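Welcome! Please take a look at the sequence and the 3D structure shown here before reading on.

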Amino acid sequence: MIIGITGTPGTGKTSACALLENVLDLNELIKKEGLHLEVDKTRGSLIADMDSVYDRVHEIAQGREGNLVIEGHLSHHVCDVAIVLRLLPDELERRLVERGYREAKILENVEAEVVDVILVEAVEWCDRVYEIDTTGKTVEGVADTINEILIAIGRGIAIEIEGYEPGSVDWLGLRA
Ligand code: ADP
Ligand code: MN
C-alpha cells in the first residue's frame with residue numbers, strides 16, 4: 001500500500017517528514033529522475049508527468065516489504081491512503097511570503113487551501129483520507145501526529161481516527 005503525505009505547499013510536509021524514517025520525497029524523485037514534461041514558463045515551475053510518476057512510485061512500492069510512504073503536494077495522485085496537512089490560510093500566507101514566492105503564486109496556494117482543493121482531490125482519488133490541522137503545532141508535533149496515524153494504518157485497525165476525519169477542517173466556516 002502507498003501512503004501519501006500531501007497538502008498545499010507550505011503546510012510543512014517536508015519539515016515534518018524529515019523527522020520520520022523512510023519517507024520518499026516525491027518532488028525530489030521527480031527532479032532526480034526527470035519525471036516531468038516541460039517547464040511551465042508563466043510559473044517557472046516543472047509540470048510533472050503524472051503517468052510516469054504513478055508507474056515509478058508503484059514500481060518502488062512493489063519492491064518494498066511494508067507500506068511505502070511518500071510526501072509531496074502531488075502524492076495524493078498516486079497513493080492509496082492520503083494524509084492531508086492543513087494550515088490556517090493566514091499562517092500559510094505568512095510562510096509563503098517568507099519563502100519568497102511571487103504574489104500570484106502565494107494567492108493561488110492560499111486560495112487552494114481556503115477551499116480545500118487538495119483535500120477534495122484526495123477524497124476523490126484515494127481509498128482513505130486523514131486530515132491534520134497543523135496550525136499552532138511544532139514540526140515535532142506534526143511528525144508525531146503523522147506517525148500516530150501511520151502506526152494505526154500499519155496495524156490495519158484505522159478506518160477512521162477521531163479528530164483526523166476528512167472534512168474536520170473548515171476554513172470558510174471559521175471566517176463566516
Ligand atoms: P511543504 O513541504 O509542505 O511545502 P515545508 O516543510 O517546506 O512545507 O515548510 C514550509 C515553511 O514552513 C518552512 O520555512 C518551514 O521552516 C516552515 N514550517 C514547517 N513546519 C512548520 C511548523 N510546524 N511550525 C512552524 N513553521 C513551520
Ligand atoms: Mn515540500
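What follows is a short tour of the ligand and the pockets.

## Before we start

Please keep in mind that this is a predicted model.

## Meeting ligand 1

Which residues surround ligand 1? The run Pro9, Gly10, Thr11, Gly12, Lys13, Thr14 and Ser15 is part of the shell, and Arg95, Arg99, Lys137, Thr138 and Val139 complete the list. Helix 1, covering residues 13-17, makes the largest contribution to this shell, with 3 residues. Sorted by class, the shell holds 6 polar, 4 charged and 2 nonpolar residues.

On Arg99, a polar side-chain atom is 2.6 Å from an oxygen atom of ligand 1. Thr14 also has a polar side-chain atom by a ligand oxygen, at 2.8 Å. With Lys137, it is a polar backbone atom that takes part, lying 2.9 Å from a nitrogen atom of ligand 1. How much of the accessible area of ligand 1 does the protein cover? On its own the ligand has 560 Å² of accessible area, and the protein covers 70% of that.

## The largest pocket

Where does ligand 1 sit? Its place is in the largest pocket, which has a volume of about 1300 Å³. The lining of this pocket is made of 42 residues, and those nearest the centre are Pro9, Asn27, His73, Tyr101 and Lys105. Pro9 also belongs to the shell around ligand 1.

Several elements each give two or more residues to this lining: helix 1, helix 2 (26-33), strand 4 (45-48), helix 4 (89-98), helix 5 (103-114), helix 6 (117-125) and helix 7 (139-155). By class, the lining of the largest pocket is made up of 15 polar, 14 nonpolar and 13 charged residues.

## The second largest pocket

Next comes the second largest pocket, with a volume of about 190 Å³. Its lining includes Ile3, the run Leu20, Glu21, Asn22 and Val23, and the pair Asn67 and Val69. Asn147, Leu150, Ile151 and Gly154 line this pocket too.

Which helix gives the most to this lining? Helix 7 does, with 4 residues. Helix 7 is also among the elements that give two or more residues to the lining of the largest pocket. In the second largest pocket, the lining residues split into 6 nonpolar, 4 polar and 1 charged.

Note on methods. Residues numbered from 1 in each chain as written. Chains lettered and ligands numbered in written order. Predicted model: local features only at pLDDT ≥ 70, side-chain atom pairs only at ≥ 80, totals over all residues. Heavy atoms only, no water. Near = heavy atom within 4 Å. Polar contact = N/O pair within 3.5 Å; in protein donor to acceptor, adjacent residues only side chain to side chain. Areas by Shrake-Rupley, 256 points an atom, 1.4 Å probe, with all protein chains shown as cover. 1 Å grid on protein atoms, 1.4 Å probe; cavity = no way out; pocket = protein on both sides within 12 Å on 5 of 7 lines; lining within 4 Å. Sits in = over half its atoms within 2 Å of the grid points. Nonpolar A, V, L, I, M, F, W, Y, C, P; charged D, E, K, R; others polar. Points joined across faces, edges and corners; volume = space filled by probe spheres on them.
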